[in-house]
Amino acid sequence: MRTRKKIYDMNVAVFDRQNLPALLASGKIAAQADEDYQINQKTVVAYDFQMDLLLGKYRTIIYDADAGWVLLKKKTCRRLVHELRKKEPAHELTIKKQLCRQIGMSDQYVQSFGSHAYFSFFIMRHKPLDLVGLHQMKLFECLDNHGLFLTLDRQYCFSLEMPRQSGRGQQILQDCITHNAAFLHLASARAASWGCQLKPVSRKSLLNDPAYIRESRLAEIRAMDPRQILEEAEDNYLNYCSEEFLKEFRAWNWGKQDMRQLMNYCNKSFNEIK
């Protein structure tokens, strides 16, 4: 029986947060600054350097399938995710939170869109927060305390730090790919109720690899009436808003601007609920 070659043994370029500063400084990889950059379907990976600025001035470096390497001075990965989520209708975010509860996820580690998804091994408040576009990845492997992702063209490998707890990183990844599959099922069912059909995803990636989907959890969701999930999400809307507020509240470091920040956040949450 033929054994599949390990990612690290393949003839591919390997990138991680340890070697990127040297590669940039030496000119072995070229990057351009773009403060207007936003996460899109061509986003392959994003490394967050807010705790130790890259080259002394950049908070984030991104690899984009079209644009190549992109540098950001002001935006962190977390802010990029917030910008992405702000484009979604509030009810979509609530549905995704409801699916997290159905699957048994303690928190949301993934931004699921069905045809594409952005994943982190850590929750969105973690610093640093590195992200990977699962729809851009062909294979995944664990190596020590890192997750290795091989791109669809098999040219690049991106290494991300994982939780130190044994097996935890693999579990989170499977839960997140299952979450995306569940969201795609729900979106397809909703489109069918309108007499429409979603365009099938033909490209093979980690997102539609059966080896990473928890079939038992997905089967439970598929067995439910989609309207039931939507109704439960709507019923829990205010609770989910409150949860987000409390998480944000606990993450702050109290100082002079905290009351103003608190009032602004309350005002924003109130407007979203309206």
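I began with Cys100, which at 6% relative accessibility counts as buried (buried means under 20% relative accessible area, exposed over 50% and partly exposed in between, with a 1.4 Å probe and protein chains only). I also looked up Cys77, and at 0% relative accessibility Cys77 counts as buried. For Cys100 I then searched for a partner: Cys100 is in no disulfide, and the nearest cysteine sulfur, that of Cys176, is 7.6 Å away. Taking a disulfide as a pair of cysteine sulfur atoms within 2.5 Å, I count 0 disulfides.

I note here that this is a predicted model, in which local features need pLDDT of at least 70 and side-chain atom pairs count only at pLDDT 80 or more, while totals for chains, interfaces and linings use all residues. Residues are numbered from 1 along each chain as its sequence is written, and side-chain values use heavy atoms, with hydrogens and water left out.

Next I turned to the sheet. I found an open sheet of 7 strands in the order 2-5-4-3-8-7-6, with mixed pairing; strands are DSSP runs of E, at least two residues, and helices runs of H or I, at least four residues, all numbered from the N terminus, and two strands pair if DSSP finds at least two bridges between them. Strand 2 (31-33) and strand 6 (110-112) are the edge strands, each pairing on one side only. Strand 4 (residues 60-64) and strand 5 (residues 68-72) run antiparallel and are joined by 5 bridges, and Ile62 stands opposite Val70 in strand 5.

What packs on this sheet? I recorded helix 2 (residues 77-86), which touches strand 3 (43-48), strand 4, strand 5, strand 6, strand 7 (117-119) and strand 8 (131-133), contact meaning heavy atoms within 4.5 Å. Helix 4 packs on the sheet too, touching strand 6 and strand 7.

Last, I looked at aromatic rings, and a search of the whole structure gave 15 aromatic pairs (rings of Phe, Tyr and Trp, the last by its six-membered ring, pair if their centres lie within 6.5 Å; planes under 30 degrees apart count as stacked, over 60 as edge-to-face and the rest as tilted). Phe140 and Tyr212 have ring centres 6.4 Å apart and planes at 80°, so the pair is edge-to-face. Because Phe140 lies in strand 9 (residues 137-143) and Tyr212 in the loop between helix 4 (168-193) and helix 5 (215-223), the pair ties together parts that are 72 residues apart in sequence. Both Phe140 and Tyr212 are buried.

Methods: Axes are lines fitted to C-alpha atoms, for helices over the stretch in contact, and angles run from 0 to 180 degrees between N-to-C directions.
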